[in-house]
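Subject: Structure handover

Hi,

Here is the structure I promised to pass on. Please have it open while you read; my notes follow below.

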Amino acid sequence: MHTIIIAVTMAIAELFGALICLKTKDDLKKMFLTCLGLGFGYAIVLTDILPDAAEHYRYAALICMIGILSIYVLDKYGKHIGGYAAVSGIAFHDFCEGAVLTVLGSMVSPLVILAFVLHKIPEGIISFSLLKGIRDRTKFCVLALIPLLIPLGTFIDAPEYIEQPVLAFSSGVILFVISKSLMTIISDNKHLMPKVAGATAMGAILGAVPCLMLM
Ligand SMILES: [Zn+2]
């Protein structure tokens, strides 16, 4: 029971992140929010998703590389494929977090619960920033379904030999897509470079703190 409450709170936090993006209408503010989300994204992959994949699994780095290469190739065939693949990776990661909560059970400390919940807000922002080519409202509807995977994950036990390669592959995909999005923003907004860099760095720091608490 305890676990499911945490899982639902995490889902709400992720939805809240997406909602902030939906409600921000100003283009400039939206861009900074995106940079903040992308910075968060780097931090989350490097301090949350990839370490989970690499725990007692020595091929994680190799599979992460394969993830980067595959999406590099796939991305040439469709403008938005990379974004969808990256969000699928985040979705699978949600599912695994639900499963992790069940494993931790009653051992989980209040500080860890706080980190678990808080890091979902940027994950909502990053998912919103990475999905492109559909209307904002449709996007929000898609993103409203993804957090449901967290409570669902608490019921199903994904074996580690499936979980870890998929998480490692997703890390590669997400890293590639974030870097590409960031490069596009920078080349379109050269005059705003210091602010773009500032927002991304701030996102990375804010994202890294709760994730490092989870390690
Ligand atoms: Zn996470």
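I start with helix 2. Of its 28 residues, 20 are buried, so helix 2 is largely enclosed by the rest of the structure. Please keep in mind that this is a predicted model.

Helix 2 covers residues 27-54. Its first and last C-alpha atoms are 38 Å apart, close to the expected 40 Å. Helix 2 is bent, though: the angle is about 40°, at Val 45.

**Overall picture**

The protein has 10 helices and zero strands. The C-alpha trace spans about 50 × 35 × 30 Å along the principal axes. The radius of gyration is 16 Å. A compact globule of 215 residues would come out near 17 Å, so the two agree. By burial, 46% of the 215 residues count as buried.

**The core**

The largest nonpolar core holds 59 residues. Ala 86, Ile 125, Val 173, Ile 174 and Val 177 have the most contacts inside it. At least two core residues come from each of helix 1 (2-23), helix 2, helix 3 (60-74), helix 4 (81-104), helix 6 (120-130), helix 8 (149-153), helix 9 (160-188) and helix 10 (193-214). Helix 2 gives the most, with 13 residues.

What does Ala 86 touch, leaving out residues up to four places away in sequence? The partners are Leu 130, Val 173, Ile 174 and Val 177.

Helix 3 has 15 residues and reaches 21 Å from its first C-alpha to its last, close to the 21 Å expected. Its buried residues are Ala 60, Ile 63, Cys 64, Gly 67 and Ile 71. These cover an arc of only 105° around the axis, which puts them on the same side of helix 3. Among the elements that cover them are helix 2, helix 4 and helix 9. Leu 62, Leu 69 and Val 73 are on the other side of helix 3, and they are exposed.

**Helix 4**

Helix 4 has 24 residues. Its end-to-end C-alpha distance is 35 Å, close to the expected 34 Å. Gly 105 follows helix 4 and has a positive phi, near 55°.

Is His 56 buried or exposed? His 56 has 7 C-beta neighbours inside 10 Å, so it counts as exposed; the cut-off for exposed is 12 or fewer. His 56 lies in the loop between helix 2 and helix 3, just after helix 2. Its phi is near 55°, a positive value in a residue other than glycine. Most residues other than glycine have a negative phi.

His 119 is also in a loop, the one between helix 5 and helix 6. Its burial comes from the count: 27 other C-beta atoms lie within 10 Å, so His 119 is buried. Not counting residues up to four places away in sequence, His 119 touches Ile 44, Asp 48, Gly 207, Pro 210 and Cys 211. His 119 and Ile 81 are 38 residues apart in sequence, and their C-alpha atoms are 25 Å apart in space.

Phe 116 sits in helix 5 (residues 110-118). There are 24 other C-beta atoms within 10 Å of Phe 116, so it is buried. Phe 116 and Leu 19 are 97 residues apart in sequence. In space they are 19 Å apart, C-alpha to C-alpha.

Ile 121 is in helix 6. Ile 121 is buried, with 24 other C-beta atoms within 10 Å. Which residues does Ile 121 touch, not counting those up to four places away in sequence? They are Ala 13, Phe 16 and Gly 17. Val 103 is 18 residues from Ile 121 along the chain, and the two C-alpha atoms are separated by 23 Å.

**Where to look**

Please start with two places: the bend of helix 2 at Val 45, and the positive phi of His 56.

Best wishes

How values were computed:
Residues numbered from 1 in each chain as written. Predicted model: local features only at pLDDT ≥ 70, side-chain atom pairs only at ≥ 80, totals over all residues. Helix = DSSP H or I, 4+ residues; strand = E, 2+ residues; numbered from the N terminus. Expected span 1.5 Å × (residues − 1). Bend = angle between axes of the 7 residues up to and from the residue. Core = buried A, V, L, I, M, F, W, Y, C linked by C-beta atoms within 7 Å. Contact = placed C-beta atoms within 7 Å. Rg over C-alpha atoms; globule rule 2.2 N^0.38 Å. Arc of directions from axis to C-beta.
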